[in-house]
Amino acid sequence: ILYLQVYYVDGKGNYLVPVTVPVPWTQGVARAALEEMINGPTPAQEMRYGLSSPLPPMTRVLGLTIRDGLAKVDFSEDIMSYDPENERNVLNSIIFTLLQFPSVKEVQIMVEGFSPDEFPGGTSGKGTFGWERGLNLEVADEVIELDSTQVITLYFCSVLGENHIFYIPVTRVISADSDIIKATLEELLKGPRPESSLFTELPPGTELRN
């Protein structure tokens with residue numbers, strides 16, 4: 001048995017939720033992870049937590065190669081049938097599911113053997129995608145000039161279903177001149193953004209002393 005990480009969408013469609021799933025051992029682990037994500041959560045997970053697959057259910061993985069850090073994945077045209085408003089979650093679920101593997105640094109998404117000029121929501125299909133996409137992306141309030149930034153990953157809590165707590169990764173964009181370790185802890189202590197449905201279990205008023 002292999003344990004792989006896939007991304008489902010929460011009940012409100014706001015966040016990608018990482019879920020560890022067991023799959024039978026196979027040599028094509030990256031492809032198996034994508035196919036597991038297309039299949040979606042189990043009926044019990046769907047009912048209990050409100051999770052769903054971000055990818056259209058008829059989508060098929062036609063091919064996948066990984067070479068020199070680049071994963072090229074080819075999907076059937078069915079993948080293009082998603083709601084354009086959900087495009088960021090659709091593309092990021094593919095990208096970050098593949099980036100979990102150490103051999104993958106960038107991802108190229110193809111449809112029926114070709115890179116589309118653009119996806120239904122307007123994202124360019126040319127080129128590759130990597131960590132810079134940001135998972136559940138946020139921009140810190142003090143960031144004005146996006147050319148001088150760095151990204152960090154924080155974990156906040158979300159209640160899915162009836163009182164089931166999941167940890168949700170959030171990529172937050174901060175100023176490039178920040179000490180990244182100190183800044184990460186300070187952003188964690190700030191907590192989720194006010195408009196977010198996430199919360200933190202760190203006690204209010206906690207400060208970083210050193």
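This is a predicted model: local features need pLDDT of at least 70, side-chain atom pairs count only at pLDDT 80 or more; totals for chains, interfaces and linings use all residues.

I recorded both values, because two packed helices are described by the angle between their axes and the distance between the axes. As for handedness, I found that H1 passes H3 in a right-handed crossing.

Next I asked which residues of H1 meet H3. On the H1 side I listed Ala30, Ala33, Leu34 and Met37, and across from them in H3 I listed Ser93, Ile94, Thr97 and Leu98. Sorted by class, this contact of H1 with H3 holds six nonpolar and two polar residues, with no charged residue.

I then turned to the whole protein chain, where I counted four helices and eight strands, which follow one another along the sequence as β-β-α-α-β-β-α-β-β-β-β-α. The radius of gyration is 18 Å, close to the 17 Å that the globule rule gives for 210 residues, so I wrote the chain down as being as compact as a globular protein of that length. For its extent, I noted that the C-alpha trace spans about 50 × 40 × 30 Å along the principal axes.

Last, I looked up burial, surface and contacts. Of the 210 residues in the protein chain, 44% are buried, and the accessible surface comes to about 11,800 Å², with 51% of that belonging to carbon and sulfur atoms. Among contacts between residues at least 6 apart in sequence, I found that 60% join residues at least 24 apart.

Key. Residues are numbered from 1 along each chain as its sequence is written. Side-chain values use heavy atoms; hydrogens and water are left out. A crossing is left-handed if the near helix is turned anticlockwise from the far one by less than a right angle, and right-handed if clockwise. Helices (H or I, at least four residues) and strands (E, at least two) are DSSP runs, numbered from the N terminus. Contact means heavy atoms within 4.5 Å. Ala, Val, Leu, Ile, Met, Phe, Trp, Tyr, Cys and Pro count as nonpolar, Asp, Glu, Lys and Arg as charged, and the others, Gly among them, as polar. The radius of gyration is taken over C-alpha atoms; the globule rule is 2.2 Å times the number of residues to the power 0.38. Buried means under 20% relative accessible area, exposed over 50%, partly exposed in between (1.4 Å probe, protein chains only). Accessible areas come from the Shrake-Rupley method with a 1.4 Å probe; for residues, only the protein chains shown count as cover.
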